[in-house]
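Thanks for coming. I will take a few places in this structure one after another, so please have the viewer open.

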Amino acid sequence: MPSNSFDIKSYRGFQAITILCLIILYAPLIVVMIYSFNASKSITVWEGLSLRWYADVFTGPESGKFKLAAWNSFLIATIAATVATTIATLAATGMIRAGKFRLRNLSYGLISLPLMVPEIVTAVATLIFFNAIAFERGLMTILLAHIAFCIPFAYLPISARMQGIEDSYEQAALDLYATKRQAFTKILMPLMMPGIISGFLLAFIVSLDDFIITNFVKGAGVETLPTAIFGAVKQGIKPNIMAISTMLLGVSVVMVTISYFISKKDQKS
Amino acid sequence: MASGAASGGSANTDTYEEARSWLLLPAWVTLVALSLIPVLLMLVYSFLTKEFRGGVIWEFSLAAYDQFFFDRGLFGDDPATLEWTYITIFWRSIWQAGAATLLSLLIGFPTAYFIATRPETSRPIWVFLVTIPYWVNLLIRTVSMKFLLRDQGPLNDLLIGLGLIDSPLHMVNTNFAVQLGLFYSYLPFMVLPIYAAVERYNFALSEAAADLYASKWTTLRRVLLPSVKPGVIAGCILVFVPSLGAFLAPDLLGGAKNFMIGSLIEEQFKGNAGNWPFGAAASMILLTMVLIILMIFARQQARAEREV
Amino acid sequence: MKKLLSTAATASLLTIMAQTAQADGQVVVYHWFEYIPQELVDKFTAETGIEVVMDTFDSNEAMLASLKAGGMGTYDVSVPGDYMVQIMATEGLLDTIAEGELANKGNIAPEWLDVSYDPGRVHSIPYQWGSTSFMVDTATYDGDIDTTDILFNPPTELSGKINMLDSQGEVLAMAALHLGIPQCSQDREQLKALDAMLQKAKVHWASFNSDTAKEVLVSGDAAVGQIYDGFGAKARAERDTLKYAFPTQGYVVWMDNVVLLKDAPNRENALKFMDFLLEPENIAAVSNYARYGSGLKDVAEFLDPELATLPESNPPATAGAGAFIQVCDEATQAVYDQIWTNVKK
């Protein structure tokens, strides 16, 4: 009686709430996307379609500032995600494929520490830390802070993936006289790839997204996209900000889509 | 070989046991240096003497905590009474975060349930749809929300256009805007764990209840809800905790007037106040609150697992 | 520890170094937002080959906090207001400019040369001066606006539509003028009255924003807003019903100054930048852009003629006296900090 069981499952109104939920989630983004194509200088008046604000982002008076901020953001996100993913992959192997040990719980707590501590507290603690050791603030301080809080985000998908890979493949390799290093690099790593890519993308986006911690530890004149946008928005929402937002939105959506298809393809195989 | 045979087919093995220290060392070094030590240092700073206009003097002092909990009047020489200022700010943050959590639950639960009861092939697409906005920069989402809610913004235009209201609703710089912003920031955190729990739920239980003439809503309340409770609690925690220390939503949508914890702390380091030990103390109190909530949660989850 | 961390990330450091290394001919300026025209910055770079790196702040206090929180040694010059120059000098954050280091020092107008907050101008040069009062949207309220009651005891149609500057100095100085008490009063009754008055006033206020002070007025989100005169002139250009008030009780006057910071990484370039701003033609470009007065001699010929007649910079005869914000001692300041906390809670 499939129809009957489906009936038991469905509640009137839940579908409507789901639609409402999606509207709330998408309405602000879509509105900003639409207004980014507004020809008008004012954000309240609609004067027809135009790409002038996109041109403004690349050639306008503030283009230099935003280009540098975008470069900083992507540089930091790339390095931080790469380092964090490497650290997380090694750590996941150590946690899952290296037997039981006494400090396992403590290690797990340490890895998830940045997730448990509220962002603003991490920001304060990192600022105090760099101040106490008199570490000059600049891109380097942002990068170090980002590496630390990206580790758990990279660790989660990587360890989930590793939990799902039986060790029989590595055992087979070891039985055929592969060294452990070979088993690790030639067998485990390729199997781990989807998890590692998800972890990297997650860390990348989290780094690209961060405002609070960056704002606390950034040095003189060093801006990332979020701090530059925040600074601009404080003086009022301007059309060029909407154009930048729409482009950044595009980058995020592309990255999630990639990660979605990777995980989907992986499930099929 | 022996170990391989014993654990054949399992994921948790000791294959790389001898390399364990080297595998974990980078994570240990990075996180101890950049996460643990900073938090401990912050604890130390909260017990130091404040330097006039920012910074610290390395002398032990309880002044930061004293300022947080005790009111000694305008001139600092009245007998100490309980200081309500910061307790009020914390209470407001709890209230705002609570309201945002409730809002997320009211909308997130039906959504998660609806998605989990779709045919298996279309579920990932629904999940994908709900999670995309989360990947968009939080700052951009908050700014978008502010743009939408403005007095002369699109939402008011729409409502007036539809004839639902005559004059614009004032939404920016209100508590409601902050709650909506928090809700918007963390909604997927509510939907995903509930979705996972409902997906695992065995609907034969609901059918059994229906066979016993339980109404649909009774079934939902008495049979389904208890089974998916861990997912619901996880969702609530995942929304509540980050909302508690949020900075962007209160700052951009709340007009920096009704302080929440995040703005209070920020002002000690970046704004007018310049009182580092106090900022560190407020951060410690926030951290303690969060850790207590997480501990209670972990204990409940453990108990729930034992029951299942 | 520092060494350990540095070596651990050498590879990434190199990438970052490559980026900053090219910029050895630079000057790092810590400036207010929207306070210098981009063309002037470009002109400086064209003339000297020195690249200008700009970071912005939105209040004197935020700038001080940021400098003390690790910003020293990374910026070359900053642009504090009058009282903040004095505070920064006492805090030891300012470098001394020796006699003869600035070729154009002679261009400073005599009345701005020997100022109380920096006698003899050993740390600073004038940038712009103006006043802080507030604007009222006359479309919302058409009564008398030249009174501080508008801010602290507003008529019902303005209640809940007031934006205050997020700046302790400006709000409390205005409040002192409203009550007619001295700014750094140590009199307990006066301080209690100040605290009580602000507690009553703040229920009428909608928000505290400095950087959106103009935006909230132009968009109509606020009908009253504390604002600087030049910023106000710009706001009026975008919404002509806005009117700048000159309260009979008085208003705040200020001068922003370019200071040479201690441990400036590019001290030579910083001095060139300051000399550049001491050229009448250049500072006039700032005045034309920001709509404030400069502190130099012989600027008149370069100024936009409209500036002379701006209603925002020409107080009527009824206006009270302009007052500089004063610096209180630590103990008095603690009371004012407490009052400010009470306002913001």
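I start in chain A, at helix 2, which runs over residues 14–35 and holds A:I34. Keep in mind that this is a predicted model. Is A:I34 buried, partly exposed or exposed? Its relative accessibility is 45%, so A:I34 counts as partly exposed, the range for that class lying between 20% and 50%. A:I34 also belongs to a nonpolar surface patch of about 430 Å², together with A:I30, A:W46 and A:L49.

The largest nonpolar core has 193 residues, and the members that touch the most others are A:F216 and B:L286. What does A:F216 contact, beyond its neighbours within four places in sequence? In chain A, the partners are A:I120, A:A123, A:V124, A:L127 and A:R137; in chain B, they are B:E266, B:F269 and B:K270. A separate core comprises 112 residues, including C:I150, C:L158, C:V218 and C:F276.

Next, chain B. An unreviewed UniProt entry annotates residues 22–48, 94–116, 125–149, 176–198, 231–249 and 276–298 of this chain as "transmembrane region". I checked two of these spans. Residues 176–198 of chain B are 100% helix, with the end C-alpha atoms 30 Å apart. For residues 276–298 of chain B, the helix content is 100% and the end C-alpha atoms are 32 Å apart.

Last, C:Q333, in helix 13 of chain C, residues 330–344. With a relative accessible area of 14%, C:Q333 is buried, because the cut-off is under 20%. Apart from neighbours within four places in sequence, C:Q333 contacts C:Q168 and C:C328, as well as B:F52 from chain B.

Technical notes:
Residues are numbered from 1 along each chain as its sequence is written. Chains are lettered from A and ligands numbered from 1 in the order in which they are written. This is a predicted model: local features need pLDDT of at least 70, side-chain atom pairs count only at pLDDT 80 or more; totals for chains, interfaces and linings use all residues. Side-chain values use heavy atoms; hydrogens and water are left out. UniProt positions are given in the numbering used here, feature names are shortened, and annotations may be inferred rather than shown by experiment. Helices (H or I, at least four residues) and strands (E, at least two) are DSSP runs, numbered from the N terminus. A nonpolar core is a set of buried Ala, Val, Leu, Ile, Met, Phe, Trp, Tyr and Cys residues joined through side-chain atoms within 4.5 Å. Buried means under 20% relative accessible area, exposed over 50%, partly exposed in between (1.4 Å probe, protein chains only). Contact means heavy atoms within 4.5 Å. Patches are made of residues with over 30% relative accessible area and no salt bridge: like charges are joined within 9 Å, nonpolar side chains (Val, Leu, Ile, Met, Phe, Trp, Tyr) within 5 Å. Accessible areas come from the Shrake-Rupley method with a 1.4 Å probe; for residues, only the protein chains shown count as cover. A salt bridge is a side-chain nitrogen of Lys or Arg within 4 Å of a carboxyl oxygen of Asp or Glu.
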